[in-house]
Each structure stands twice: as structure tokens, then as C-alpha cells.
Amino acid sequence: MTDPWLSPELDEIQRALAAGPRDDPPSRLRARIIGRVQAELRGKKSALHRYPLAAAAALVWLNLALSATNATWQPLDVPAPRAVVEPLARQIGELLPELSRGDARRLAVLYWAGSRVVPCPDVPSGRAPDRRVWGEEI
Amino acid sequence: MDHPANDPLAPGLAAGDLRTWEALYDRLAGRLYRAAVRLLNCREDAEDAVQEVFTTVVRSRQRLAEVDDLDAYLFAALRHAAARLAGRNARLPAASEAAVRKAVARPEGPREGGRSPELSRALGRLPAAQREVIALKIDGELTFAQIGLVMGTSANTAASRYRYALEKLREAMRLEECPRSPCDD
């Protein structure tokens, strides 16, 4: 450790720094680190690494599901009467101007459909229960 | 202490041979740990830093074949790990004068068996960059060329920093011996 380019005084400080018992790593550290290295070599990933992957996958799935839902056109079996839906959509648009015209129309159709639904008890008569809207078969 | 370019362990490490990794641990863990204790002033943090070094290096083991100096490479990884841990714990030795003083007073610092208390206190008051070069030279047992690689400087700059750190230590110890009147007179 003696360096000729250091003055005797600095060399003495250097030797004093290097003197004395040295901190050795605890024996458990070897087992811990070698175990970790072994796990990495086997390709095992810790839970800390799995969690972000799972979260990212869930986000991608959610995003795709929402996109697919928004992009899917779901026509009604029963055409909604324009005479009812259009004024209703206009009213909704006036009440909620931030809604697009399409969204307002969609809400109007939903309101129209909801207003015509009649609760139909499931009577055990041996045949499938009717689904009727004020007498009109749907 | 010196290991030639293209370390003999490098091929085994890159190939993922566990026994070679154990050999690397046996060769470097003590020096890495002692340097980490010096940098972080905490043995538990030092253990975490050494583990982080091995975990980081084993994940990027394919690059080891291109590494010229394996020891310097691992100490560079230790330097980054120590900085991350110090930042995480808001316990960066150079963060503030108060932090340095607190670190000096901490019972968890390196064991100073053969060192005088004045030297230990003076060492604790050094700025982080100078303490880092002391840690790499004394505890890490690196050459100045390796310290230069770790710190991103030339070997001459590393040697100058080290000598400057020793001079600061000498000054601090002189001041501690004669705090009120100059001894040189």
C-alpha cells in the first residue's frame, strides 16, 4: 500500500486508513445473493417484476375492451320511432350540451326503450315467458 | 488486485455458470461490501447495494464478454446502486453537512478498529466525491486506472483526487488536534 508518490505524512494517513479490522460481509449475504443469482439464471422473476407486467396486461385488455365496445355498432331489434327519439335527443342535447349528437341519440333510444319495458314475471306455465312491450311482440 | 482485460471468469459468467458466479462473489464481495459500508454508512444498506450489483450484472450477463475490467465494472455498478439507495433513503452522505455529521456520529459506520477517532471523524467530514475515492482505493483496493474507469475520469485525475482527499484528512486532523491556535507557528 506504500506509494512512493505520496509524501511520508500522506503515506502515514493512507496506512492508518487501511489499518484495523475490516468489515467482512455476513455469511448469510452469500447465500442470499447466490440464491438470487441462481433464480435469475433460471429465469425466475420476482413478484415485483411480475406485478407491473400483470398491471400492464390488464390495462391493455381494458383499453382494447373499451375501444371495441365504443367501435361496435349494436342495432336494435326493434327500430326506434324517429318521431319520438329525435325530439327526445334534441331535449337531451339542450340539457347536456357537452354530449355529442350521437350520444344524445343513443340516450334517447335507451330512454325510449326503458319507458316501454314492462316487468314480466316468470310464471311456471311450462312455456317460455313472453317478452312484450305494451302488447307489441319483440 | 489487478485483473487482465478479458477476465478469465467472463466467459463462465456470460454463459450463466453458477459456480463461476460463486467464484466472482468470493473474489469481490468483501471489497464491494466494505466500499459500500464506507459510502452508505450503514451495513444493511451495504448488503442491499452488493445484492443489487450482482442482480443487475447477472441480468445483463451477455455484455460481460465485452467488459475489459470486470472489477471496475462491478464497482461502477456499486457506485450507481449506492447512489440509488442513498437517494431512496434520503441519506446521501454528501447531501448536506448535517447528513455528513449525522453519518459520522452513527454507530453503524465502518469499524474503525486500528484508526484513531480523529481520523474517523475527519473521514466522515470529507465531501462525498473525496470519500468515494477513498472508499474505492482503500476499501475497494482498486488501482487508480480502475478508479478512473469507475468514476469516468483518467487515472491521473483519480490519483489527484485521492491525494487531495488525503491532504484534506491531514488538515482536518491538524485542526482537531489544535482547534484554537495554529500548531505550525
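**Chat on a predicted two-chain model**

Q: What does the secondary structure of chain B come to?
A: In this predicted model, chain B has 9 helices and 0 strands. Along the sequence the pattern reads α-α-α-α-α-α-α-α-α.

Q: And chain A, how many helices and strands?
A: Chain A has 5 helices and 2 strands, arranged in sequence as α-α-α-α-α-β-β.

Q: What percentage of each chain counts as buried?
A: For chain A, 9% of the 138 residues are buried. For chain B, 44% of the 185 residues are.

Q: OK, interface. How many residues of chain A are in contact with chain B?
A: On the chain A side there are 25 residues, in contact with 32 residues of chain B. Helix 1 (8-18) and helix 2 (27-41) of chain A each contribute at least two residues to that side. Helix 2 of chain A gives the largest share, 10 residues.

Q: What is that side made of, by class?
A: The side of chain A that touches chain B has 14 nonpolar, 3 polar and 8 charged residues.

Q: Stay with helix 2 of chain A. Which residues are buried there?
A: I33(A), V37(A) and E40(A) are buried in helix 2 of chain A. They sit on the same side of that helix, because they cover an arc of only 60° around the axis.

Q: Which residues are exposed on the other side of helix 2 of chain A?
A: S27(A), R28(A), A31(A) and G35(A) are exposed there.

Q: What do the buried residues of helix 2 of chain A pack against?
A: They pack against two helices of chain B, namely helix 2 (18-40) and helix 3 (43-59).

Q: How far apart are the end C-alpha atoms of helix 2 of chain A?
A: They are 22 Å apart. With 15 residues at 1.5 Å a residue, the span should be 21 Å, so the two agree.

Q: What follows helix 2 of chain A?
A: G43(A) follows helix 2 of chain A, and the phi of G43(A) is positive, near 85°.

Q: Back to helix 1 of chain A. Which residues are buried?
A: I13(A), Q14(A) and L17(A) are buried in helix 1 of chain A. Viewed down the helix axis they fall within an arc of 100°, so they line one face.

Q: Changing topic: which residues touch the most other members of the largest nonpolar core?
A: That core has 58 residues, and L32(B), A36(B) and L78(B) touch the most other members. Beyond four places in sequence, L78(B) is in contact with L32(B), A35(B), A36(B), A49(B) and V53(B). Another core, of 5 residues, lies apart from the largest one, with V85(A), L88(A), A89(A) and A108(A) among its members.

Q: Now confidence. What pLDDT does chain B average?
A: Chain B averages 81, and 78% of its residues score at least 70.

Q: Where does pLDDT stay under 50 in chain B?
A: One such stretch is residues 1-5 of chain B, for which the model has 8 contacts beyond four places in sequence. Residues 91-107 of chain B also stay under 50, and there the model has 24 such contacts.

Q: What ipTM and pTM does the predictor give the complex?
A: The ipTM is 0.76 and the pTM is 0.61.

How values were computed:
Residues numbered from 1 in each chain as written. Chains lettered and ligands numbered in written order. Predicted model: local features only at pLDDT ≥ 70, side-chain atom pairs only at ≥ 80, totals over all residues. Helix = DSSP H or I, 4+ residues; strand = E, 2+ residues; numbered from the N terminus. Buried ≥ 20, exposed ≤ 12 C-beta atoms within 10 Å, placed from the backbone. Contact = placed C-beta atoms within 7 Å. Nonpolar A, V, L, I, M, F, W, Y, C, P; charged D, E, K, R; others polar. Expected span 1.5 Å × (residues − 1). Arc of directions from axis to C-beta. Core = buried A, V, L, I, M, F, W, Y, C linked by C-beta atoms within 7 Å. pLDDT = per-residue confidence, 0-100.
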